[in-house]
Amino acid sequence: MCELYSKQNTLALRRKHIGPSCKVFFAADPIKIVRAQRQYMFDEKDEQYLDCINNVAHVGHCHPEVVKAAMKQMELLNTNSRFLHDSIVEYAKRLSATLPEKLSVCYFTNSGSEANDLALRLAQQYRGHQDVITLDHAYHGHLSSLIEISPYKFLKGKDVKKEFVHVAPNPDTYRGKYREDHADPATAYADEVKKIIEEAHKAGRKIAAFIAESMQSCGGQIIPPAGYFQKVAEHIHRAEGVFIADEVQVGFGRIGKHFWSFQMHGEDFVPDIITMGKPMGNGHPMACVVTTKEIAEAFSSSGMEYFNTYGGNPVSCAVGLAVLDIIENEDLQGNATRVGNYLIELLNKQKAKHILIGDIRGVGLFIGIDLVKDQQKRTPATAEAQHIIYKMKEKRVLLSADGPHRNVLKIKPPMCFTKEDAESMVDQLDEILTVLEAATGAKAEGVISDNFPCRTKIPNEAHLELLSDSSTDSKENSIRKRNGLCTDKHSLLSKRLKT
């Protein structure tokens, strides 16, 4: 193992030389990682940790095929991307084959932030307007142009919302404005976007773009209700704006059945621009914007040349091609479906058992556990979430918490995560929740009305996942009913996206 300094000295040097706003995981008691392999990370004492949060190491930490591809290309050629070479066009061709036909023109960058910044430029040049609609609690990157459209960031700082930025409600059917008891939350949330457009027009402004993650990550692992994106796209296109889908965190097969998360909303929904990053290079800095020929030509017509010195360089493209090969050869999309569905099943059993779990939501290997102090009021259990992630760390399982209240446990591990890993993680979580609930005197009696309505729709491609099955005993069913978990096949709380 390569360790230049003791942990204490590493921390001291970090405090001296690294900006204080650059935080580390588990800041109160950080772990020092010296190596990693597949879904495991190892500290300076060679203690193994199960990585449940690292969606950057998409196909697994230090995958040998990725390492080999990078080394082989680095020995041969790595140069400015303005030189003609085969790697960039080969990767663009392979990448385009995973997307709807109209999304065929690529711009390569080095990070998701660069990609989202460029996506805004494309949209604004194409439409000749500046105004952008974003979702509440959204995060799209660290550049100034992106902080301006990221309420997750600008609402925490001293920045005020710019006049050209419009914030729509997050389409959260668990904690949002329109919940699962609403007859048509997709239309209700989309109508909020429509109202924003109308108000902007009355003020003499015009919308250039709507931008959203296909599934919101920092906002709390939120999956929009079925039909929401289609309806928003209709409103945006009618206003002559473009739809930008941010796939930086959720693309490349993470949801299982589909390669891109926006695809789970149906074939009738295709964004005008998509962005991607984090998993694209398995930790190697690589990102991309893909758009239509029409938008690309409008961008070119400005007369300003676009180039990115390192974006699409030969080594990055070799790494990206290796990642695509591994996803296919190791059936990682299939693994995301199998393991993700199994993990959601295990977590739903924990939901029936533990009063602190208010909601389990997710698809594939993108899952959120919404922790609450009170299941009826849905009071966020922020302190409890922080306690749990530190206790899980003590048990060598790495989780993090996010969402507006930082009460949602995020699960988005490397795609080689196994059913055994899922069982291990859930067993540790069960133990911690049991101790915590005993200490706080939490009881699972009568927390939600038995008459809780069940009406929310999920995307057509989704299957129903019922909490109860033929092996469930009457006592467990009774607990589930007391917790407001509908047991009929139309249940809102029991059905989840399953690919």
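The points below go through these topics in turn.

1. Basis. This is a predicted model, in which local features need pLDDT of at least 70, side-chain atom pairs count only at pLDDT 80 or more, and totals for chains, interfaces and linings use all residues. Residues are numbered from 1 along each chain as its sequence is written, and side-chain values use heavy atoms, with hydrogens and water left out.

2. Of the 14 residues lining the second largest pocket, S81, I88, Y306, F307 and G311 are the closest to its centre. α3 (86-96) and β4 (105-109) are the elements that give two or more residues to this lining, and β4 gives the most, with three residues. Helices (H or I, at least four residues) and strands (E, at least two) are DSSP runs, numbered from the N terminus.

3. Cysteines. The count of disulfides (pairs of cysteine sulfur atoms within 2.5 Å) is zero. C22 is partly exposed, at 43% relative accessible area, while C416 is buried, at 3%. Buried means under 20% relative accessible area, exposed over 50%, and partly exposed in between, with a 1.4 Å probe and protein chains only.

4. Helix α4. How far apart are the end C-alpha atoms of helix α4? They are 23 Å apart, which agrees with the 22 Å that its 16 residues (112-127) should span at 1.5 Å a residue; the expected span is 1.5 Å times one less than the number of residues. Among the buried residues of α4 are G112, N116, L120 and Y126. G128 follows α4 and has a positive phi, near 75 degrees.

Note on methods
1 Å grid on protein atoms, 1.4 Å probe; cavity = no way out; pocket = protein on both sides within 12 Å on 5 of 7 lines; lining within 4 Å.
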